[in-house]
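Here are a few friendly notes to read alongside the structure. Please keep the view open as you go through them.

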Amino acid sequence: MKRWPAAGSLRLRLLGATLVTLALALTGAHAWLAGLFRDHVMRQADLALTQQLDQLTARLEFDAQGRPGLGPRAMSDPRWDRPYSGLYWQIEPLHGGSGGRAEALRSRSLWDGSLQLPADALADGTLHRHDIAGPRGEALRALERSLQAPEPFDSRWRLIVAGDLHDATAAVERFTGVLAASLAGLGLLLALAAVAQVAVGLAPLRTLQQSLQQLRAGRRQRLEGRFPTEVQPLIDDFNGVLERNAVIVERARAQAGNLAHALKTPLAILRHAALQAGPGEFPALVAEQVDTAQRHLDWHLARARAAATPHVPGQRTELEPVLRGLLRTMGKLHADRRLDLAADAVAPGLAFAGEAQDLQEMLGNLLDNACRSARGSVTVQAARDGPWLHIEVQDDGPGIAPEQRAAVLQRGVRLDETSAGSGLGLAIVVDLARLYGGDLTLGQAAAGGLGARLTLPAAP
Amino acid sequence: MRLLLVEDDPTLRDQLRAGLQEAGYAVDAADDGRDAHHLGDTEAYDAVVLDLGLPLLDGLSVLRRWRDAGRAMPVLVLTARDNWSEKVAGIDAGADDYLTKPFHMEELLARLRGLIRRAAGQASPVLRCGELALDTRSGRVTLAGQAVTLTSHEYKVLDYLMHRPGAVVSRSELTEHIYAQDFDRDSNTIEVFVGRLRKKLPPGLIETVRGQGYRLAVV
């Protein structure tokens, strides 16, 4: 049986594509949403700091010596005064001006620390943003702007406000965590939906697969069931092929039978005419040629009947009824011999994965052969061994010498023998068995005669 | 012994008839299924040689009808179809033996002898009654080892009686089984044959059962 080239499972392909797309889409959504939220939170933090810086700028006053100081109205936020509160300001002179030796001013919250900003060149009024480390090593967002002291002082000052980013980053982390969890949940639901969809969508294919298995096992003769519109035409065509196949095989058999009938009656007439003509060279020649023609006819008819059969799938033949029928027949055909025909060791339910007529032909020839050589009894045993059916026919006759066994099974050897009615049978059995992938081996029976062991494919 | 021969091929039918008659059988022949069925249903035959491929009614149907009607005569099926499946079908339809064409006349005769013998409950091909022995294979009759010369009609009567030792056989039964259908039968001739036989055989072997027929004494 030829296997289709491996292309993976359709289910796996569909599921794989869906799940990969799903994972990519959800990861992308997470990154985008988290980015959006982070930007928003940072902008809010910057906005708050800008307001604080504006307030600081507004409260800045210069005394008569041009030294900066904060006006009487204190800064409103209590965090300015709480040490290391996370909100700091610092006013430092910019070098290059005349107030170069002036002291920097700092919020109380900075305590004895200071904000260390990288050197920066600022145009008047612009805002710059820095991420720096705070007095206790915390991450700070710092905003700075430069300010020119009013006339007549010629000094420039750097106004800095810094806020702790901890709250903002905590909010972002919390949000991304919740977002990741909900997206993962969504992804799981979608994945389950995809699995269900694939299962529902591919269910007809599984039905088809089961139907095919039953066909191959011989329980059905055609593919049963209704399938989706995409698949049904294929099923109908396949059933059509199966039916045509069966018809062709049946017709071939019938034609072989008709040919046999058409040729054998004239052969019978020729033989009797030769017999009635009495002794002589010509009648002897006719009789001899009729025998040869008959053997060729038998041989090729058996081959023709068998040739088409093993390729038809879905065949199953119960062994026991066939065997019983043949034993009844042998009992009659060899009634004179009064043989003991036993098939007690044949378990019921054994079946051959092939055509009934072929099984009958093989067993019939083996049994006939055994009945011809048996002295008193013929026994049949059958057992299943995995995918194979073993049938052994034994007789208590003289048997066949080991060195002659191979020759008996060879094709054509018996074709040229002159004794009528024997020999050809075994060669036909071998031929048929091999067409099914099985074989016939000859050995010695327990009772001393020939033990013919037939191996055939078993049907479940 | 009287046979029904059913074969649709005229040449083969004539050959078979000739061969069977030569072997000492009275032969009726039919060439189609309907005719064959009628003959087998109404006449008394010791055996039938039946071809399966027949016009009007096929051989297996003829056979089944006979068996359904309780006709039990032995039937040898003669056919060109030699699948085992067809042989099984033939045997299951009620055939007693099966011979495929082309066949040897000797084999047909041997099988017929076996069929007739077994139908009469005789196991051996040599029928014995005391010192009298009849070899169905060779047609030789011996009395205490000495050959007895019989005419063909005498042989036929003795053959029929020896197949049924101890049974009463009427004159009409003997006539039916010794002559073919188209033969002008006269049961008086049977008495003549029996009379001649009695002279050649030990006295008292063939008994007359008054008003019923003859009986071969069981020794």
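This is a predicted model: local features need pLDDT of at least 70, side-chain atom pairs count only at pLDDT 80 or more; totals for chains, interfaces and linings use all residues.

1. Residues are numbered from 1 along each chain as its sequence is written, with chains lettered from A and ligands numbered from 1 in the order in which they are written.

2. Chain B has 8 helices and 12 strands (DSSP runs numbered from the N terminus: H or I of at least four residues for helices, E of at least two for strands). Of its 219 residues, 40% are buried, meaning that 20 or more other C-beta atoms, placed from the backbone, lie within 10 Å of the residue's own.

3. Where do the chains meet? In chain B, 25 residues are in contact with 29 residues of chain A (C-beta atoms, placed from the backbone, within 7 Å). Helix H1 (10-22), helix H4 (84-92), strand S5 (97-100) and helix H5 (105-119) of chain B each give two or more residues to this side. H4(B) provides the largest share, 6 residues.

4. In chain A, strand S12 (residues 388-395) and strand S14 (residues 450-457) pair in the antiparallel sense over 7 bridges; pairing needs at least two DSSP bridges. Here A:Gln394 stands opposite A:Gly451 in S14(A).

5. Strand S13 (residues 439-444) of chain A also runs antiparallel to S14(A), joined by 6 bridges, and A:Gly443 stands opposite A:Gly451. Their hairpin has 5 residues between the strands, and A:Gly448 takes a positive phi near 105 degrees.

Terms used: Two residues are in contact if their C-beta atoms, placed from the backbone, lie within 7 Å. A residue is buried if 20 or more other C-beta atoms lie within 10 Å of its own, exposed if 12 or fewer, and partly exposed in between; C-beta atoms are placed from the backbone.
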